[in-house]
Structures are given as C-alpha cells and as structure tokens.
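Look at the structure below and follow the chain as the text moves from one region to the next.

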Amino acid sequence: MPRSTQLAGSTSTENGAYHALLARHDAMRLRRRMLSPEGGAGARRAAGEAYDGAADQRVIRAHLGLVGPFEELITQLYEVLFTRHPALRGLFPGEMAFQEAHLAQAFRYLLDRLDRPEEIAETFTRLGRDHRKLGVRPAQYAAFEEALRTALRVRTGGRGEAGLEEAWVRMVRCGVTAMVRGAEAALHEPPFWRATVTGHQLVGDDLAVLRVVPHETFRYEAGQYTDLESSLLPHTWRPYYLAGEPDAAGAVELHVRCTGPGGVSEALVHRTAVGDEVRLGPPKGNLTLGEEPAGDLRLVAWDTGWAAVKALLQEVDRRVRTSPGHGVRRVRLFLGAPDVAGLYDTEYLAGLERRRPWLSVVPVTGGAPGGEGYGRLAAAVTRAAAPPGGRVLVSGPPAMVRAVGASLARAGVAGEDVRHDLLPTGAESGHAATGAVPA
C-alpha cells in the first residue's frame, strides 16, 4: 500500500497552483502545434490515420550511416540548441557526457520500437511525469525539435532522401506526445519534493545511510525508488531505492554507496551533513508487490539493493500482521556481497528473521562485482527458485540483475515471474532519458 510523509508547516499552495496552470497552458499550446496541418504525424493521427512507425523506421535505418553515429548528431544538436536558446543551458548539468549518452539511448529505444508505438507511449508517458523535476516545460520540446532539424541538415549535408528529416521528427514526436500526456496527468503532484537531511550515518568508508524529511506529502510504494539531486550538483540526478516506511518524524531512508569522485554519490556520502537540503523526484519502479496474492517470494539483493528489499520485507510484515489471508506463504532472501565485510544492516535483518517464521535469509559472499563475479549469487538463487506461481524480485547493479535473470531463464523460470527495474547504460546520470535502476 502507498506510504506518505509530510513535514508540519505551510506549503506554497498558491505558487504550486500557478505553476500547474502555466504548465497546462504550455502543454495545450504544444498539442495545438502538433495537431496543426503542418504537425506531421500528430495531424494525421487526429484525422484518424494511424502513424506508420515501421515506414519511418525503415527510412531512418537506411540512412544511419549518413546521420550517425548518434553521439555526433547529439553533440551537434546541443550546440544548436544552446546557441539559439542560451537560457536552456541552465536546465542541464555542467558535464553533458551522461546527458548525451542517455539521449543516444533514447534515440535507440525509439528507433527499435517504432513498429510498436504502444510500447513507446507507455514508457514515454512515465518519462513525461519524471521529466517535470528537471524544469522542462512542454513548449521547450519545440526548441529541441528545431535543433534536431538543423543538426540533421548539418550531418547529411543535403544528401539524404527528401523524407529523412520528417521521419526523424515524427519519431521524436511519437515520444514527445506521450511525454506531454504524462506531464499533464501529473499536474496534481509537485515536479519534485524538497527534503531536509535529518540523519547521515557512515557505514565503513564509502557507504552512507541517509534519512531525509520531505517538506510536502511524498507517497510511494514499498520497492520503489526516487531520483535524488544534491544541492552540491544542480541538475544532476541519481536513482536510489527508498528503504522502508517513514519513521515517526516522517523521514525516509536511502542507502548510498560512493561509486567514484565528483558525482552525486560522492557528494551525498562525503560532503552532505544534517541540515542540508536535497530534492526527490517522483517515486517509480517495478519491484512493488502489487495487490495480488504473493505466494512464495524470492528476494535477491546485492549491496545497496538491500534498501529496496528492506522496504519489501516491511510491507510483507505489515500484510501478514493485518491481513492473515493475503497469500504470502514464505519469503527467502538472498543477500549478496563481495565479502562478509560488505554485508551491512545485519543486526536489523537478523532480528527480523528471528521474529518472523515466514522469512529465511541466505547470505552469499565471494566474487568481484560485475559479470561472472555474480555467479555464486545467481547459482544460489537458481537452486532455490520459486515454485510455479511464485515470484523473484531482483534489486542491485545491472550486471547482477542480468546474471541472475539469465540463470533463472536457463533453469526454466518464466520471465513474467522475475521482476526488476529498467537497466541503464550508466550509473551517474543527469537527465535520464529512458529510466534507470539504482546501482
């Protein structure tokens, strides 16, 4: 069930209402532009003609050698965008490498699925809600489109076929239309939540457990994550799981492992203190229990993936206590780390296992993180895979998720019985384009 937190005190209701109305006005103006006679794909769909994404997919792929690589096209695109609209530069992080990588990932996602527009609509509707935290207003998508057209002309030098530019624009509009729809649907909630750090505990040299109190109501489900921005690195967001229910003061818990110098994780672990302010994006993720009976559960976590599992265990415990017929029969947790020293919060977990007969914990240590280093954890999970009707929820670095998922697939576990969050191309991110999994 959703959880919420709220800090006592007044909120800027009038200011929020004003910005909601402004955002709605911008969205309506952009929709009118897309549905105008010159609006390409949007106009044809309004007239009842379905968008032929497969045709645009063929045209774009046929000319990738002329336009690509994506990274060079994107560099040109941003040069044009910031030259024509210098005020937009402030919406982006100082270092653009991650942003450019995520946009390239978004282009590949769109191109691979143009013949399946319903998948694009589902994913980019969620992105539209999420991108509100970046300060992006719908009318600014039009500036992006103009920059894309110019970048395409520079890359092709006029050598592409007549319909190439329009095929690209229709592809981008396919995603943007869904993003605008998602942004409009989320106008009832803030684009982001300011929060004050009320606890900062170092665990070893490079792990911190943060407690933050949002200034406004912040609802989420167990197993979800939020993108977090430090005031030390404006416009740069990193995803982190929410570790359980808020405490009596309304504080939510986040686990942060420092992955290197200069990024969000380093700022949160080594340069953040009680009283500092951070910002939280909308909660999201696939690791929720849902309302259906859970049956047998296998929970798999590596390192700070434990945060999501901690939330899930608290939710299972609540359901067992309040609804004895909810359907959870047994939960087995596989907790991985490179060595015993890498396991943390063990006192809490041991106490929960002692008190709850439905829970058994299997610690798995050994192997360097990455690739084959997760083999021992994958083997342990596969040997105890959930019976038919049970589920496996996996939380941790992308390489671990892939290793466990591949091992379960080889063992015959159905794909719909395995849940995890989307796998990103990078860990530290600025404006994430296609979703991310907390590392």
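A nonpolar core is a set of buried Ala, Val, Leu, Ile, Met, Phe, Trp, Tyr and Cys residues joined through side-chain atoms within 4.5 Å. In this predicted model, the largest such core has 44 residues, and the members that touch the most others are Leu77, Tyr78, Phe107, Phe124, Trp168 and Met171. The largest share comes from H9, with 10 residues. In soluble globular proteins, nonpolar side chains tend to be buried together.

Phe124 shows what contacts within this region look like. Setting aside neighbours within four places in sequence, Phe124 is in contact with Tyr109, Leu110, Gly175, Ala178 and Met179.

Ala308 sits in helix H11, which covers residues 306-322. Is Ala308 buried or exposed? Its relative accessibility is 0%, and the limit for buried is under 20%, so Ala308 counts as buried. Not counting residues up to four places away in sequence, Ala308 touches Gly223, Tyr241, Leu287 and Ser395. Ala308 and Tyr225 are 83 residues apart along the chain, yet their C-alpha atoms are separated by 7.7 Å. For the chain in general, residues 24 or more positions apart account for 77% of the contacts with a separation of 6 or more.

Next comes a sheet. Six strands form an open sheet in the order E4-E3-E6-E1-E2-E5, and their pairing is antiparallel. Which strands stand at the edges? They are strand E4 (237-241) and strand E5 (252-257); each has a single partner strand, so one side of each is left without a neighbour in the sheet. On average, neighbouring strands of this sheet are turned by 40° against each other, direction ignored. The antiparallel strands E3 (residues 225-230) and E4 are joined by five bridges. Asp227 has Pro239, in E4, as its bridge partner.

Helix H14, residues 398-410, contains Ser407. Ser407 counts as buried because its relative accessibility is 11%, below the 20% limit. Beyond residues up to four places away in sequence, Ser407 touches Ala378 and Thr382.

Cys174 is buried because its relative accessible area is 10%, and Cys258 counts as buried at 17% relative accessibility. The structure holds zero disulfides.

Now consider the chain as a whole. It has 14 helices and 11 strands. Of its 439 residues, 54% count as buried.

The average pLDDT of the chain is 81, and 79% of the residues score at least 70. Over residues 5-48 the pLDDT stays under 50, and the model has 61 contacts for this stretch beyond four places in sequence. The pLDDT is also below 50 over residues 424-439, a stretch with 65 contacts in the model beyond near neighbours in sequence. Where pLDDT is low, the predicted coordinates should not be read in detail.

Conventions: Residues numbered from 1 in each chain as written. Predicted model: local features only at pLDDT ≥ 70, side-chain atom pairs only at ≥ 80, totals over all residues. Heavy atoms only, no water. pLDDT = per-residue confidence, 0-100. Contact = heavy atoms within 4.5 Å. Disulfide = S-S within 2.5 Å. Buried < 20%, exposed > 50% of the residue type's maximum accessible area, 1.4 Å probe, protein only. Helix = DSSP H or I, 4+ residues; strand = E, 2+ residues; numbered from the N terminus. Pairing = 2+ DSSP bridges. Axes fitted to C-alpha atoms, helices over the stretch in contact; angles between N-to-C directions.
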